[in-house]
Amino acid sequence: MKFNSALKNFVLVLFSTLLISACSTAKKASVDTVDDVYTGTDTVEYLANGVPDRVFFATNKSSLTTRSRDTLRKQATYLRKNKDLTVTIEGHADERGTREYNLALGERRANAAKDYLMTYGVSGKRISVISYGKEKPINPASSPLAWSQNRRSVTIKAN
Amino acid sequence: MKKTIIALLFFVLSTESAFSLIKVDITRGNLDPLPIAVSPLHIDSKSEDLKSLMDKKLGEEISKIIEKNFKSTGLFNPLKKDAFVQKPDIAHLKPRFEDWRLIKAQALITGKIVVKDKKLKVEFRLWDLTAAKEMLALSFTTTPTNWRRVAHIISDKIYERLTGETGYFDTRIIYVSEKGPKNQRVKKLAIMDQDGHGTKYLTLGNELVLTPRFNPTNQLVTYMSYFKNMPRVYLLDIETGIQEVVGNFPGMTFAPRFSPDGKKIIMSFAKDGNSDIYSMDMETRVVERITDHSAIDTSPSYSPDGKYICFNSDRSGLQQIYTMRSDGSQVKRITFGNGIYGTPVWSPRGDLIAFTKMRKGKFYIGVMRSDGTGERLLTENYYQEAPSWSPNGRVLIFYRETKSDSKGKGFTAKLWSIDITGYNERLVKTETDASDPSWSSLLSK
């Protein structure tokens, strides 16, 4: 009986170890994108301490994720504190689309970010947008990771 | 840029109206290209500048251009000259048909060039070797520096006589020349003859330029430029080099294209996250809104009669192709297949629309009828898009990009062409990497 319970414990420990390691590999594989949207920090720069400059999008989409909204609220707070600052929002697409459609998509992404900043009290007059479509990848690789990093809108100080 | 309109005197010496035995069917693939012999053009001994003509081997050079043009169609098989059995001057007067048949040629091209009063006169004849008959005889007079164009015009005339279709050799391609690493590409507008000769760069590469397209007379080009970081549609006069912004839009304009009569430019205008299609009258500069939809509407292209526009919209969720009347009424979705569709371009013949299709990570260039039926995918690749039609509606030129590694290495962008039969896929050689090709109409009509 005692032996049995020891074995049981051992099996349990072994099982949970396996489970944890399985979890960590699964986590590693999905750490950079959630639902096709990049969630890592590799290409991210900062407008100020704790204020990321960019948000990422799913393929062909321009909707903001919860995480993107969080980033943009930080940008809005920062911009409200620095009233003289004007910004340009660059909209970008990945290389897996036609050039002309990507120009439109980049413009839509940049405006999605602009609209959100305006909702949080930043005057539209302080924000200009420009789309580069697929013309300026931040990561030049041809991989799903690179594409997810390239589907972005980036807020840049203009003055 | 040199003047593109050149006066070409055009004499019809004689034409055989009788039906020829040779007829090349270009509606099917090139399984059995027609063996053709292109004799070097004979240089007339009475010619001015005889030595210089001989030194330049002008007669041979012209015949080489004709051969190269014919080979590129995939419909003809130009025979090697070392098998030729008759001297150019004698063959031009009257070929010994049976001798030429011996080397398996079915058609023969002969010619003569002469310079008189500083004008170059090029005369050529097309012979049907099976029927032992002259099929076509023409001559052109032009300035001597213009000899390459004469070679292309002769190619067009012969192609027309043998296939019953107008040719596409006396044409140019405008495209975007690309250099440098993938994330810092330097892009310039470039123009070259259809056979890759005579490349000229029209912009310096200081700003990003995209999607150039000719007007119907090939004098003007509309394209997109990021000059002063303001992405706008521009108009460039190739002769004078003068550039101007098209319209006075408070935001990005892109995806421009001329109307078939050249009187309008149609394009997308993006504002507040929404792209719609607008046209601008070249003369009055009046801007007209064509679509008004919260989705992205872009890549517009007129039908050759100017009555319809095909375009790309994601109003159904993902990119699909739509048609409408040119005033924006009667919008109709025409693609329903699996995958997403972009860059519709109406054929100059009016019957087909070429497009890019994306499906399961692959890119296709295809054609379909203008109501969306009869879709045929011509070529599959990792990445390719933006087809442009040859003026006779038989060939498409487009660009293809290759995959890059984790550092961006291995990336290339090249021009390719393919017949709408799906045969004869060819790399179009350019001095640099290249994208966004646009085919001119025939320079001499």
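In this predicted model, strand β16 (residues 264–271) of chain B runs antiparallel to strand β17 (residues 274–281) of chain B, and the two are joined by eight bridges. Within this pairing, B:F269 is set opposite B:D276 of β17(B). The two strands belong to an open sheet of four strands in chain B, whose order is β15-β16-β17-β18 and whose pairing is antiparallel. At its edges stand β15 (252–258) and β18 (287–289) of chain B, each of which pairs on one side only. From one strand to the next, the twist averages 30°.

The contact between the chains as a whole takes 21 residues from chain A and 33 residues from chain B. On the side of chain A that touches chain B, the elements that give two or more residues are α3 (99–119) and β7 (127–133) of chain A, and α3(A) gives the most, with ten residues. Sorted by class, that side of chain A has nine nonpolar, six polar and six charged residues.

The helix α3(A) has a partner within its own chain as well. Two packed helices are described by the angle between their axes and the distance between the axes. Helix α2 (residues 66–81) of chain A packs with α3(A) at an angle of about 55°, and their axes are 9 Å apart. Because of that angle, α2(A) counts as oblique to α3(A), and the crossing of the two helices is right-handed. On the α2(A) side the contact is made by A:R69, A:L72, A:Q75, A:A76 and A:L79, and on the α3(A) side by A:A113, A:Y116 and A:L117. By class, this contact of α2(A) with α3(A) has six nonpolar residues, one polar residue and one charged residue.

Chain B can next be followed through its domains. The domain assignment gives domain 1 (9–163) and domain 2 (172–439) of chain B, and the C-alpha centres of these two domains lie 36 Å apart.

A helix pair of chain B is formed by helix α2 (residues 58–73) and helix α5 (residues 147–163), which pack at an angle of about 45° with their axes 9 Å apart. That angle is why α2(B) is oblique to α5(B), and α2(B) passes α5(B) in a right-handed crossing. From α2(B), the residues B:L58, B:I62, B:I65, B:I66, B:N69 and B:F70 meet B:W147, B:R148, B:V150, B:A151, B:H152, B:I154 and B:S155 of α5(B). The residues of this contact of α2(B) with α5(B) divide into nine nonpolar, three polar and one charged.

Chain B also has an open sheet of four strands with the order β10-β9-β8-β31, and here too the pairing is antiparallel. At the edges of this sheet are β10 (200–201) and β31 (433–439) of chain B, each with a single partner strand, so one side of each is left without a neighbour in the sheet. For β10(B), the pairing with strand β9 (residues 186–193) of chain B is antiparallel and extends over two bridges, and B:A190 has B:Y201 in β10(B) as its bridge partner.

Methods
Residues are numbered from 1 along each chain as its sequence is written. Chains are lettered from A and ligands numbered from 1 in the order in which they are written. This is a predicted model: local features need pLDDT of at least 70, side-chain atom pairs count only at pLDDT 80 or more; totals for chains, interfaces and linings use all residues. Two strands pair if DSSP finds at least two bridges between them. Two residues are in contact if their C-beta atoms, placed from the backbone, lie within 7 Å. Ala, Val, Leu, Ile, Met, Phe, Trp, Tyr, Cys and Pro count as nonpolar, Asp, Glu, Lys and Arg as charged, and the others, Gly among them, as polar. Axes are lines fitted to C-alpha atoms, for helices over the stretch in contact, and angles run from 0 to 180 degrees between N-to-C directions. Angles under 35 degrees count as roughly parallel, over 145 as roughly antiparallel, 65 to 115 as roughly perpendicular and the rest as oblique. A crossing is left-handed if the near helix is turned anticlockwise from the far one by less than a right angle, and right-handed if clockwise. Domain bounds come from an automatic or database domain assignment.
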